[in-house]
Amino acid sequence: MSVTPRDPADSQVPRVRGNDYRVLRPPERFTPRLRVSVVIPAYGAQDKLDLVLAGLARQTYPAELTEIIVVDNGSDPPLRLPEGSAARLVVCERPGRAAARNAGLAEATGDVIHWLDSDVVLTPGALEAHMRWHHTAPYLSVTGYIRFTSAPLPDELPDDLEAAFEPAEPHAWLVGLVERTDGLTANPIRPFSLHVGGATSVSRRLIEAAGPMDEELILGQDTEMGYRLAQAGAVFVPEPKARAYHLGPTMRMREQKRIDRVSHAFVADRIPTYQWLRTHPARQWKIPHVTAVVSGTAGYEAVRSSVDALLASTVPDLSVVVTGPWDTLDRDRRAPLKDPNLDLVLVHGHYEHEGRVRLATTEEVHPSVPFVLRLPAGWMPGEDSVARLLRLARNEALGLIRVLLDETPDGVVEARLERVASFSRARLVARPGEPLEDAVDDVSGVRWVTGEEYDFSPSGDELPELVGRRAAYKARVQAQAEVERLTKENERLRGQVAKWRDEAGRWRKSTVELRREVGTLRRELHAAQRQARQPAPPVTLTGRVKRVIRRRVLDRLPASTQKPAQKPVSDASKQATQQATQQAQAAPGNGTHPGSNGHQGGA
């Protein structure tokens, strides 16, 4: 990514960490020295354009440092400039706002480019509020606050804009984004979303590094360019003092759902940070989330083990660049096994038709790729190693993660995960002779981790057997089957527990009933004993006790153990009956006792 050389005066620019621009502190009073080019794409609506140009004529920023370019994007009738206007008119026949802005950008000569829509009227101090920031640092994108008015259009721009255009609605989405992220300073995931074309100014050197607007996009050009500006090292600043009025509602306000449907279909391919739009588990995108760089000159087995391990990663949104002198290869057809470049030939042939691998003579990483992983050939990341490194970089907003793989007499062997935006910012602020990684540490942060901790391993002499996503799918299917099995077993055991609970309830109830009957028997036995002490025929007492005991015992026995009535009673019944009979006979006053009134005593 090319970056415009810094001015010597830039060497003392404060370094912004992440997007925390509060360290810059622009002064309220400053001496203007930077030129600003205001680029206004327009299609029809001459009445609104006249009001916009009238608002620019009232700006407090010096007119001699302000350039105004109106781009007529095929209006019929053609647009005209009001008499006395300082603007220049450029015609762009290719339809589309991106094409019109690029046409105006090609004509612009300012140090700062200010995008302005043809229906946005700036308040008098808006340009000055923007330029205060640009005089503080050379890598800023500043966005003003727009309010949407539904007031009738005046024939001429009134002196008091607030009285003419209020009440008006704020830009709710922009205000909400700023408030949720503490003014975009609290490590926001996508600060570049603040880049809206209606009222945003950008350092020209950032645009030169990022490139012009993408004319292939139907919608979403502002956000996509904002992402590329972030990749070039931009810091995004919301400026509430830069106020403007939008004359009427925007197309997005009228058709937000339909616009999102169209823009999301295109920006998902170009903005890897929008992971929530990349929901497919395996497909490839125009701009991958991470590109790995591996040297192809380290031997076939070493290169293949590293590249294959990367392709088997749990991060499918990944590409690999294999560097080597591929343009000099001349395969030996007669004696291929003796070819001195045989390993290079094997690497080239093995990956020539792999869509995610690019064979390049130099390191060629697309500037929009957010992360670059530099991996020494012969070292293999585990299945989840890349995903874990990316998670660490995102969670802690790191610009560089250095993975210690080995220590040799020649030095340290390491892998590196680099955030492209952090390195771009570091190049903008690095002082002459300063190591670039020191500047990266200042603007984003650097962390050392061990290869063992993140499951990196040397490949060895033989090609390893990789598991990859197919095995992960198989393991997931097996786990789901095991979950279903355990769920059924759990339900079966729940039913068994319920059954045993019912059984236990029945036993508890039976125990209570048995206790009651035992109590009844005891009372009857005591009554029988008292009666036995009184003179009475022994046969009557003994027979009654036998019948009571027999009935109670038989009632408590299981049905399967009871015998027919005509058969003799069980041994237990006999034993119980005999014991009761003996006790009754032994009781005082019984007719069988010697000396009683029975037959023996009365002989």
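The structure is a predicted model, in which local features need pLDDT of at least 70 and side-chain atom pairs count only at pLDDT 80 or more, while totals for chains, interfaces and linings use all residues. Residues are numbered from 1 along each chain as its sequence is written, and side-chain values use heavy atoms, with hydrogens and water left out.

Helices (H or I, at least four residues) and strands (E, at least two) are DSSP runs, numbered from the N terminus. Strands of a sheet pair through backbone hydrogen bonds, either parallel or antiparallel. Here, two strands are taken to pair if DSSP finds at least two bridges between them.

Strand E16 (residues 411-419) runs antiparallel to strand E13 (residues 371-374), and four bridges join the two. Within this pairing, Val372 stands opposite Glu418 in E16. Strand E15 (residues 400-408) is also antiparallel to E16, through eight bridges. A hairpin of two residues connects E15 to E16. Asp406 faces Val413 of E16, and Thr408 has Gly411 in E16 as its bridge partner.

Two packed helices are described by the angle between their axes and the distance between the axes. For helix H13 (residues 420-429) and helix H14 (residues 436-443), the axes come within 8 Å and cross at roughly 110 degrees. H13 is therefore roughly perpendicular to H14; angles under 35 degrees count as roughly parallel, over 145 as roughly antiparallel, 65 to 115 as roughly perpendicular and the rest as oblique. The crossing of H13 and H14 is right-handed, meaning that the near helix is turned clockwise from the far one by less than a right angle. In contact terms (heavy atoms within 4.5 Å), Ser422, Phe423, Arg425, Ala426, Arg427 and Val429 of H13 meet Leu436, Ala439, Val440 and Val443 of H14. This contact has seven nonpolar, one polar and two charged residues; Ala, Val, Leu, Ile, Met, Phe, Trp, Tyr, Cys and Pro count as nonpolar, Asp, Glu, Lys and Arg as charged, and the others, Gly among them, as polar.

Helix H10 (residues 300-311) and helix H11 (residues 342-351) have axes that come within 9 Å and cross at roughly 25 degrees, so H10 and H11 are roughly parallel to each other. Their crossing is right-handed.

Finally, 36 salt bridges are counted, each a side-chain nitrogen of Lys or Arg within 4 Å of a carboxyl oxygen of Asp or Glu. Lys241 lies in strand E9 (residues 235-247) and Glu28 in the segment before strand E1 (36-42), so that the pair links distant parts of the chain, 213 residues apart.

Methods
Axes fitted to C-alpha atoms, helices over the stretch in contact; angles between N-to-C directions.
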